[in-house]
Amino acid sequence: MMKMNLQKINYQKELEKLLTRLEKEEKVPTLLLHSCCAPCSSYVLEYLSQYFKITVFYYNPNIYPESEYTKRILEQQKLIEEMHFRYPVSFLAGKYDTGYRKCRDRFYEMAKGLEEVREGGSRCMGCYELRLKESAEIAVAGGFDYFTTTLSISPMKNAQKLNEIGQRVGEEYGVQYLLSDFKKKNGYKRSIELSGIYGLYRQDYCGCEFSYKARQAEKCV
């Protein structure tokens with residue numbers, strides 16, 4: 001399979017081409033959408049639910065502390081219940097095993113030696129891959145047509161790297177990754193508007209223990 005040169009790709013235009021093609025098909029495709037949080041998923045769900053039957057997969061073993069994880073996953077479920085969609089949207093929770101720490105250990109094992117790396121560096125790339133691999137595995141097991149993540153909606157996230165990782169993981173697992181850059185076409189702005197409409201909790205740090213401590217340190221300056 002020939003790999004595309006992602007360096008030259010406009011991800012939003014590629015997505016629009018695919019969506020135009022899908023609209024002409026009789027079957028509504030299925031999408032496993034990895035979500036990092038309710039606010040980021042809001043616009044993505046509003047947008048993509050016009051074209052896909054979506055299952056929101058909430059898999060974020062990086063979230064710290066556990067109370068924050070609980071708050072975010074409840075907000076995600078609340079949003080899905082309150083939003084209206086053209087096609088069905090369901091919810092699937094990934095593992096967050098704080099009792100035996102099996103799932104959490106996967107994140108900390110990946111981050112070992114990278115604790116002091118600044119946000120957006122190699123630790124974050126490893127975290128993206130960890131979550132996308134789990135998403136791809138679930139997508140294959142569930143027979144989904146596509147999988148993708150809401151992460152590219154954030155101005156703080158590198159869409160090129162996310163798409164490179166997503167496509168590589170998709171090829172590895174045998175499921176198509178939906179190329180995207182959801183911050184385009186005012187996607188991030190719309191997510192803020194939707195957060196206000198639905199009264200969503202918007203966190204002030206990415207999610208992991210390292211980003212949490214970095215944000216706390218900034219507040220003390």
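You're looking at a predicted model, where local features need pLDDT of at least 70, side-chain atom pairs count only at pLDDT 80 or more, and totals for chains, interfaces and linings use all residues. Residues are numbered from 1 along each chain as its sequence is written, and side-chain values use heavy atoms, leaving out hydrogens and water.

**Stop one: the core.** Select Leu48, Phe52, Ile54 and Phe147, which touch the most other members of the 58-residue largest nonpolar core. Such a core is a set of buried Ala, Val, Leu, Ile, Met, Phe, Trp, Tyr and Cys residues joined through side-chain atoms within 4.5 Å; buried means under 20% relative accessible area, with a 1.4 Å probe and protein chains only. Now colour helix H5, residues 122-141: with eight residues, it gives the most to this core. (Helices are DSSP runs of H or I, at least four residues, numbered from the N terminus.)

**Stop two: stacked tyrosines.** Go to helix H2 (residues 38-48) and pick Tyr43 and Tyr47, four residues apart, about one turn of the helix. Rings pair if their centres lie within 6.5 Å, and planes under 30 degrees apart count as stacked, over 60 as edge-to-face and the rest as tilted. Here the centres are 5.6 Å apart and the planes at 20°, so this pair is stacked. Tyr43 is buried at 9% relative accessible area, and Tyr47 is buried at 10%.

Select Tyr108 and Phe210: with centres 6.2 Å apart and planes at 70°, they're edge-to-face. Tyr108 is in helix H4 and Phe210 in helix H8, so the pair ties together parts 102 residues apart in sequence.

Methods
Buried means under 20% relative accessible area, exposed over 50%, partly exposed in between (1.4 Å probe, protein chains only). Helices (H or I, at least four residues) and strands (E, at least two) are DSSP runs, numbered from the N terminus. Rings of Phe, Tyr and Trp (its six-membered ring) pair if their centres lie within 6.5 Å; planes under 30 degrees apart count as stacked, over 60 as edge-to-face and the rest as tilted.
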